[in-house]
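Visitor: Before we begin, could you take me through the reasoning behind each label, setting the value against the rule every time?
Guide: Gladly; here is the model to look at.

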Amino acid sequence: MLTPKQILHKVLSHELTDQIPWVPFAGVHAGKLFGYTSSEVLTDADKLFKSLIEVNRLYRPCGQPIVFDLQLEAEILGCELMWADDGPPSVATHPLSETKMIPCRCTIPQKDDGRLPIVLDVMSRMKKDVGETTSLYGLICGPFTLASHLRGNDIFIDMFDDEEYVKNLISYCTDVAKAMSDMYIEAGMDVIAVVDPLVSQISSAHFEEFLSPCFEDLYSHIRRQGVFTSFFVCGDATRSIEVMCKTKPDCICIDENVNIVVAKEITDKYNIVIGGNIPLTSIMLHGTQQDNMKYAVDLIDNIKDKRNFILAPGCDMPYDVPVDNAIAVSQAVWQTESVREIIKNYVAVEENIDVELPDYNNLQKPLVEVFTLDSATCAACTYMMGAANVIKNELSEKIDLIEYKYTKKVNIARCKKMGVVHLPSIYINGRLAFSSIIPSREVLLDAINNLS
Amino acid sequence: MEVILTEFYLISGFLGSGKTTFLKQLISFFKDKKVALVINEFGKQGIDGLLLAELSHSMREVNNGSIFCACRLEQFVTTLQELTLNVPEIIIVEASGLSDPTIIKKVVKERDVFSEINYRGNICIIDSKTFPKVIKTALVCKKQLLCADIVLLNKTDLVNGKEKSEVISLIRSEKPNVTLFETSYGIIPADMEKVINVLNIDTESVSVNIIKDITLQKYLLKLTDNIDIDTLKNFLNSFINETYRIKGFVKIKNALNYVDSVQNSLKIEPFDGIVNDEAVQNIVILSGNGMKTAEAIKAACYKYPYIVLSIE
C-alpha cells in the first residue's frame, strides 16, 4: 500500500492514482490546535514542531507545509512586521519605498538570518519524525510579492514608469528565492512552493514581461535538485493560469476565486498538476462539518480526469478554522464513498443576514469600498488596500473609504448582495472599478475624479 | 598547565563615529603585548587598513569586494583561525561601520574552534552629534547598540548639555543598563584600564535575529590626477548631503591628502603615511535609507565633467 507521501508524489509525477491526495495548508492554524497564538507558533521552534505533529496526526495529510509566512524573507530584509494573534504577520514598512535601489546581493538571506534558524530546525525535526510518510512543503515568498514588500505600492507605478528597475528588483528577489529554496531543500523539503499571491493582481502581459523568465529560471533551479515545485497564487488568477503554466512548475495551487474545472483544462494541456480550492472562509471557517464534507466530495466529483489533481484549501487556512471542519475534509478524502453516503441528503442552510447598502445615488462624496479577504493577512489584499489608503491620505476628507473583510459573516452577506465575485476588489460609488488588479495612484485617482 | 587565552575585543559603531581613532589608542594601551588586528571594510579599498598598518604585529583585512561583514562571515572565521595560530595575546576586531556586529559576537562566543579565545566584549562607539539621526535611518545602528557591552559616547564636545542628555536617554531607551563612558575625539578621559576592566564581567549570552539593511549603498569613484583642492571640495560638497561617509586618498599637486567626511562635514588633510598606488585617487562613498546618492553623484559629475574617470 502506498504511503500518503507516495500518493502525492505519484500525482506530482503525473501518474494516475486510486486515491486523491490532500494537502491541508495549516500555517498559523496549526498553533490553534494547542491554543498557541500565531506569533508564538512562528517564533518558537518547540511550539511550531508540536503543532505540526498534531496537524499530521489529526488531518492525515499527504503533504504539509512547515510555515506559511510570506513575510519571513521580508523581515530579514528590513521590513517591519505587524504581528497578530490570529493570523500571519503583515508587512508594515517597505525599506525601498524612499530609496529606489537594487540591494547588494550580499544581503541575500543565509541560515542564521531572521527566523530561519527556527524554520530550518523544525524542518529537520519534521523530516526525521514524519518525513517517511508525509511530503514536506517548504514555502518561499515569490519574487513579485517580495519585491512589493520591499518597494511598497509604488512598484505598481514603477511597472509603467521604470520597467528596468522593476526587472532588476525582481531579479534580486529571484536570487533570494533561489537561496531560500536551497536552504529548505538541504533541510529535507520534498516540495518547494513558491507563493506569489500578487501575481493575480497584474495582467498576463505584465506577467510575461516582468515575471515569466524569473519563474522559469527559479523552477528549473529547484527541479535540478530533485524536488517538486508548486506555484501558489491567490485571488482571481484566471487570466494568468496559462502564462503560469509556461513557466513549468510541477503544480499550480489556486483559491476559490478561480474556477478549478476551467483552470484544470488549461493545466492539463501543459500536464501540470492543479491544487485547490476549498473556500477558506465561507466553507472552512464559517461552514459546518457537513458543508466541508459536501464541498470536498463535490469538488472531487467535479474533476473528471482525476490525474493531476490535489485537494487542498484555497490558500493558508484561517487561524480559527474549526478543527472538526478540517477533519471533515480529511474524512471526505480518505473515505470518500462513506462520506458521500452521509451527506447525500444534506442541503446547506443559507444564513440570512440582512445588510443595508448605502444609497449610492445620493452620496455626499465619493465612496471607495474595498472588498478583501483580510488586508492584514492576505498580501494581495494588503496592497489593494494600500492603493486605496494612498488616495485616502491624499484626498483626506474628500472621499470615504471602507474595507469589508470576507472573514466576517456580515461581509460575506454584503458581498452576495453587491454581487462581488472576486477578492480583492475596489468598488467606487457602488460600481465595480478594479477586480483583482491593483491600480496605481494615478489610475485610481482618475477613476474617482471621473465620477464627477 | 595553565592555558593562556587570547583576549578578544570587538569595536563597533556607525560610520564616522570614531572607531579608528579609538582603536589607535587601544593598540597603544596594549603596546607591550602581541596584538593582532582584524579590520572589516567595504570593498577592496581598505582605507582604515592603510591608516592602521604600522600599528600592530599582524593585521588582516576582511574585504574582498563585499560591503557588509555578515556576508563575509566564513572569510572572517578563516582569518581569525589563521591569526590564532600565531598565539597573539590580544585580538582586536574593528567591525565595519555598516555591519551588524552581533554575528561576530555569536561566532566567537559559540563556535568550538575558538575555545582558546576569551571574548572580552564589544565596545560600541557612538557619535553624540549624529546618533539621533542615524538611528532613525540606518537599521544597523540600533543593532550595534543592542550588541554593545560598553558604549563610548564620543564627540561630546560637539553637543550642548541638553543634546547630550537627549542622546543618553535615547541610548538608555534601547539598552537601559549598558555601561557608558563619555569621550571626545575618541580619547578616554579616565584611564583605559577602567574601561577594559568593565569588560571583565562575563558578557551576556547572544540572542540574535539577524536583519539585513538592504538600503545601504556603496560607490567607488576613480578621480583624475589633475585636480585642485577647491574643485575637489566643491565637487564632494555638492552631494555630501546624500551620504553617510566619504573616504579616500587623493593626490593633489604631488602631495597625498586624506579625504574624510562624516555627516556633511568634509575634511581634506595632508597624509604622510604610505599608501598603495591602487588606493590613490579612489573615493569610497557610503549612504543608505532615503538618500538619493546615485542621482546626486550623477548631477555632480555633470556639473564637474572632468573629475571622475569611473564609477563602480
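Guide: Contact means heavy atoms within 4.5 Å. With that rule, among contacts in chain B between residues at least 6 apart in sequence, 75% join residues at least 24 apart. This is a predicted model, in which local features need pLDDT of at least 70 and side-chain atom pairs count only at pLDDT 80 or more, while totals for chains, interfaces and linings use all residues. Residues are numbered from 1 along each chain as its sequence is written, chains are lettered from A and ligands numbered from 1 in the order in which they are written, and side-chain values use heavy atoms, with hydrogens and water left out.

Visitor: Why is T281(A) called buried?
Guide: Buried means under 20% relative accessible area, exposed over 50%, and partly exposed in between (1.4 Å probe, protein chains only). T281(A) has a relative accessible area of 1%, and therefore counts as buried. The residue is placed in helix α13 (residues 280-285) of chain A, where helices (H or I, at least four residues) and strands (E, at least two) are DSSP runs numbered from the N terminus. Leaving aside neighbours within four places in sequence, T281(A) is in contact with residues including E256(A), L373(A) and Y406(A).

Visitor: What makes K212(B) and D113(A) a salt bridge?
Guide: A salt bridge is a side-chain nitrogen of Lys or Arg within 4 Å of a carboxyl oxygen of Asp or Glu. For the side chains of K212(B) and D113(A) the N to O distance is 2.6 Å, and the pair meets the rule.

Visitor: Why is the salt bridge of D162(A) with K100(A) said to tie parts together?
Guide: The closest N and O atoms of D162(A) and K100(A) are 2.8 Å apart. D162(A) lies in the loop between α8 (155-161) and α9 of chain A and K100(A) in the loop between β3 (90-91) and α6 of chain A, so the pair joins parts that are 62 residues apart in sequence. D162(A), at 24% relative accessibility, counts as partly exposed, and so does K100(A), at 38%.

Visitor: Are R245(B) and D260(B), which also meet in a salt bridge, buried or exposed?
Guide: R245(B), at 10% relative accessibility, counts as buried, and D260(B), at 15%, counts as buried too. Their side chains meet at 2.7 Å, N to O. The pair links distant parts of the chain, with R245(B) in strand β9 (residues 245-252) of chain B and D260(B) in strand β10 of chain B, 15 residues apart.
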